[in-house]
Amino acid sequence: MKKLFLCLYILLLSSALHASEWGQSLITATGGITFEKTYNVEVGYHYVFFRHVAVGASLGCWAEYSSEKLQAREMFDGMASRLSRPYLKPSVMLFTPAFVNLAVLRLKLGVEGSAMFSPRFTNTIEMHDGEGREMLFNYRSRAVSWGAAAWVQAELLRVIIGVGYSASSLELSKHFSATTRTTYDDYPQGIFARVGVYF
């Protein structure tokens with residue numbers, strides 16, 4: 001009987017050590033700016049499997065800003081040109097093995113694919129055609145958008161610091177072509193910084 005308990009104890013201990021080495025939770029805070037005068041902030045939780053795959057979600061907000069000051073307008077203001085877009089973003093992250101692996105520092109690359117769920121809004125574009133006539137165009141935003149990111153990540157013990165590039169199809173601003181009478185988007189693309197901690 002003692003041998004059975006000893007075997008069970010060794011099995012549970014090895015499983016616990018294996019889980020603590022290969023399965024970790026990761027909490028992150030991310031902030032980014034884009035080339036379209038927009039910025040985003042988000043916080044997220046991911047569970048990391050085998051140090052190379054992480055599954056989780058983030059809560060965040062994209063917003064536009066003016067050159068004079070940071071300015072986020074009401075989300076459902078139909079005539080506003082600057083919009084604030086809160087979102088829920090489930091995502092999958094993939095990490096490369098560390099290409100620098102020191103006692104207290106590891107460097108690796110990461111990529112992320114995500115879907116962003118955001119409240120829909122109706123907006124109106126006001127413009128003038130070539131003859132000076134006023135044109136109004138109403139549109140309804142999408143509820144689901146895609147996102148992608150790639151970054152370099154430094155791991156200092158349990159703390160991570162990352163810098164990278166991101167792109168998404170989240171509608172922040174939309175333009176109307178008077179000649180083709182169709183709309184097109186400015187897809188937010190830019191750089192971001194991320195800090196986090198494993199626990």
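W151 is buried, with a relative accessible area of 4% (buried means under 20%, exposed over 50% and partly exposed in between, with a 1.4 Å probe and protein chains only). The structure is a predicted model, in which local features need pLDDT of at least 70 and side-chain atom pairs count only at pLDDT 80 or more, while totals for chains, interfaces and linings use all residues. Residues are numbered from 1 along each chain as its sequence is written, and side-chain values use heavy atoms, with hydrogens and water left out.

## The chain as a whole

The protein chain has 1 helix and 13 strands, taken as DSSP runs and numbered from the N terminus (helices are H or I with at least four residues, strands are E with at least two). Of the 199 residues in the protein chain, 37% are buried, and the chain exposes about 11,600 Å², of which carbon and sulfur atoms supply 68%. Among contacts between residues at least 6 apart in sequence, 59% join residues at least 24 apart, where contact means heavy atoms within 4.5 Å.

## The nonpolar core and its rings

W151 belongs to the largest nonpolar core, which has 10 residues: L26, V48, A54, M93, F95, A149, W151, I160, F192 and Y198 (such a core is a set of buried Ala, Val, Leu, Ile, Met, Phe, Trp, Tyr and Cys residues joined through side-chain atoms within 4.5 Å). At least two residues of this core come from each of β4 (84-95), β9 (144-156) and β13 (189-198). In soluble globular proteins, nonpolar side chains tend to be buried together. L26, one of the core residues, touches, among others, V48, I160 and Y198, with residues up to four places away in sequence not counted.

The chain holds 3 aromatic pairs (rings of Phe, Tyr and Trp, the last through its six-membered ring, pair if their centres lie within 6.5 Å, and planes under 30 degrees apart count as stacked, over 60 as edge-to-face and the rest as tilted). One of these is the edge-to-face pair of Y47 and F49, at 4.8 Å centre to centre with 75 degrees between the planes. F95 and W151 also form an edge-to-face pair, at 6.1 Å centre to centre with 80 degrees between the planes. Because F95 lies in strand β4 and W151 in strand β9, this pair ties together parts that are 56 residues apart in sequence. Ring pairs link F95, W151 and F192 into a cluster, and R194 lies over the face of W151, at 4.7 Å from the ring centre (a charge sits over a ring if NZ of Lys or CZ of Arg is within 6 Å of the ring centre and within 35 degrees of the ring normal).

## Relative accessibility of selected residues

| Residue | Relative accessible area | Class |
|---|---|---|
| F95 | 6% | buried |
| E112 | 5% | buried |
| S168 | 2% | buried |
| Y47 | 30% | partly exposed |
| F49 | 37% | partly exposed |
| P86 | 29% | partly exposed |
| L157 | 62% | exposed |

Beyond residues up to four places away in sequence, E112 touches several others, including H46, K89, M93, A149, W151 and R194. M93, A149 and W151 are members of the core described above, and R194 is the residue that lies over the face of W151.

S168 lies in strand β10 (residues 159-168), and a polar atom of its side chain is 3.4 Å from the backbone nitrogen of L170. Leaving aside neighbours within four places in sequence, S168 is in contact with W62, M116, W146, G147, Y187 and P188.

## Two further positions

P86 is in strand β4; its C-alpha atom is 8.5 Å from that of F117, a residue 31 places away in sequence. L157 lies in the loop between β9 and β10, and its C-alpha atom is separated by 8.7 Å from that of Y198, 41 residues apart along the chain.

Methods:
Accessible areas come from the Shrake-Rupley method with a 1.4 Å probe; for residues, only the protein chains shown count as cover. A polar contact is a pair of N or O atoms within 3.5 Å; within protein, one must be able to donate a hydrogen and the other to accept it, and residues adjacent in sequence count only if both atoms are side-chain atoms.
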